[in-house]
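We'll walk through it one region at a time.

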Amino acid sequence: MDFTQYENSFITEATKVGYSQLNIQRCLDYAETLFTNKVPVIYNSSHLSAIVGYRKEYLKKAALHTKYFYRDFEITKKNGAKRTISEPLPSLKEIQHWILKNILYQVPISPFAKAYKPKISLIENLKFHRNQPKLFTLDLENFFPSIPIETIENIFIELGYSNAIANLLTQLSTKDNRLPQGAPTSPYISNLIFKEADESIANYCITNKIRYTRYADDLSFSGDFDEKKLLYKVTAVIQKLGCKINASKTKLMTPNTRQTVTGIVVNKKAQVVFHKRNALRQAMYYIQKFGIKEHKQYKDIREAHYLEHLLGKINFVLQINPKDQEFIAYKYFLIDLKKKQNAKKYTIDSIVM
């Protein structure tokens with residue numbers, strides 16, 4: 001439906017229920033801006049409730065009492081520190097997916113941002129940095145929590161939403177006035193918040209013939225450049241956002257060292273780091289020699305979906321290097337093993353039934 005069709009339909013229905021000409025025109029002026037920005041027209045909380053399929057009371061509670069609509073748990077980072085993940089409850093997560101797909105995805109992000117883009121793989125962040133004289137990587141400290149809620153709300157206001165709707169959409173996408181690590185909306189919102197910074201950093205890099213990409217909170221630079229000048233420039237841009245560079249994760253890598261981008265080796269060709277590939281080789285050796293059940297017992301592996309987990313890791317290796325014949329063989333071995341397990345389970349279930 002184009003705006004002319006919407007306008008005619010709205011005038012007809014609004015006239016039936018007694019809207020004044022002034023109110024009709026105000027609504028259409030509001031709607032036209034949203035149409036121009038290719039996002040859904042939302043007049044008020046009742047309208048949003050009807051669109052997403054949840055009661056207005058639920059939306060208001062989820063917006064006002066955010067901490068009760070998330071499940072918090074901790075994961076261990078590489079350095080041993082803990083990271084809190086806030087996973088939204090299923091109903092709120094469904095609403096956030098709607099906001100992401102229908103509103104946020106309509107706003108383009110910087111081409112230099114390589115994470116959380118539909119149909120874009122990790123390899124997009126790696127190919128720019130292969131076999132370079134220098135690789136310089138920076139990490140943002142507490143990226144999601146450091147983003148002010150006002151800047152998030154401004155995304156929706158700039159699209160044309162009223163202050164009330166912009167605030168409601170923001171509250172439905174945040175927890176305790178911060179971007180929650182675990183909500184489906186958070187990563188793309190962070191890309192939108194960082195868009196201007198991406199452009200500023202990219203302009204400097206283009207002028208100085210430096211390759212630049214950003215994958216979430218990991219910034220990567222490669223080429224032949226003065227890393228001190230680059231760090232000074234990037235730090236100034238980052239500070240304007242209210243963010244901070246994690247000095248302990250700043251790395252300069254030269255060709256005679258292992259150069260990695262988001263944990264992937266990029267010296268000559270993209271490859272998952274050796275210790276991860278080697279751990280998979282060892283697991284596959286024991287599974288192929290003794291069987292997966294015996295391997296799990298020996299290693300005290302209690303994960304219910306271990307085979308699928310292992311297959312996922314092998315698929316990740318192949319995503320980075322699709323022609324790795326060794327891991328291709330591992331993949332098909334596990335697929336065949338999974339088929340045999342499923343066939344055996346089906347036979348047992350048939351007997352029990």
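Helices (H or I, at least four residues) and strands (E, at least two) are DSSP runs, numbered from the N terminus. What you're looking at is a predicted model, where local features need pLDDT of at least 70, side-chain atom pairs count only at pLDDT 80 or more, and totals for chains, interfaces and linings use all residues. Residues are numbered from 1 along each chain as its sequence is written, and side-chain values use heavy atoms, with hydrogens and water left out.

Let's start with Tyr-286, which sits in helix H12 (residues 274-290). Together with Tyr-285 and Phe-290, Tyr-286 makes a nonpolar surface patch of about 320 Å². A patch here takes residues with over 30% relative accessible area and no salt bridge, joining nonpolar side chains (Val, Leu, Ile, Met, Phe, Trp, Tyr) within 5 Å and like charges within 9 Å. The areas come from the Shrake-Rupley method with a 1.4 Å probe, and for residues only the protein chains shown count as cover. Buried means under 20% relative accessible area, exposed over 50%, and partly exposed in between (1.4 Å probe, protein chains only). Tyr-286 counts as partly exposed because its relative accessibility is 33%.

Now jump to Phe-333 in helix H15 (residues 325-352). At 30% relative accessibility, Phe-333 is partly exposed too. Which residues does Phe-333 contact, leaving aside its neighbours within four places in sequence? They are Met-284, Ile-287 and Gln-288, where contact means heavy atoms within 4.5 Å.

Next, the strands. Strands of a sheet pair through backbone hydrogen bonds, either parallel or antiparallel; the rule used here is that two strands pair if DSSP finds at least two bridges between them. Strand E3 (residues 134-139) is mostly covered, with 5 of its 6 residues buried. E3 runs antiparallel to strand E5 (residues 218-223), joined by 6 bridges, and Thr-137 has Ser-220 as its bridge partner there. E3 also pairs with strand E6 (residues 251-253), antiparallel over 3 bridges, with Leu-135 opposite Met-253.

On the way into E6, stop at Asn-246, in the loop between helix H11 (227-240) and E6. Buried or exposed? Asn-246 is buried, because its relative accessible area is 13%. Its side chain makes a polar contact of 2.6 Å with that of Ser-248. Such a contact is a pair of N or O atoms within 3.5 Å; within protein, one must be able to donate a hydrogen and the other to accept it, and residues adjacent in sequence count only if both atoms are side-chain atoms. Not counting residues up to four places away in sequence, Asn-246 touches Asp-139 and Glu-141.

There's also an open sheet of 3 strands, ordered E7-E8-E9 with antiparallel pairing. Its edges are strand E7 (260-261) and strand E9 (271-272), each pairing on one side only. Strand E8 (residues 264-265) is joined to E9 by 2 bridges, and Ile-264 stands opposite Val-272.

Most residues other than glycine have a negative phi. Lys-38, however, has a positive phi near 60°; this exposed residue, at 65% relative accessibility, is in the loop between helix H2 (21-36) and helix H3 (45-52). Asn-131 has a positive phi of about 55°, and lies in the loop between helix H6 (123-126) and E3. Asn-131 is partly exposed, with a relative accessible area of 46%.

Key
A salt bridge is a side-chain nitrogen of Lys or Arg within 4 Å of a carboxyl oxygen of Asp or Glu.
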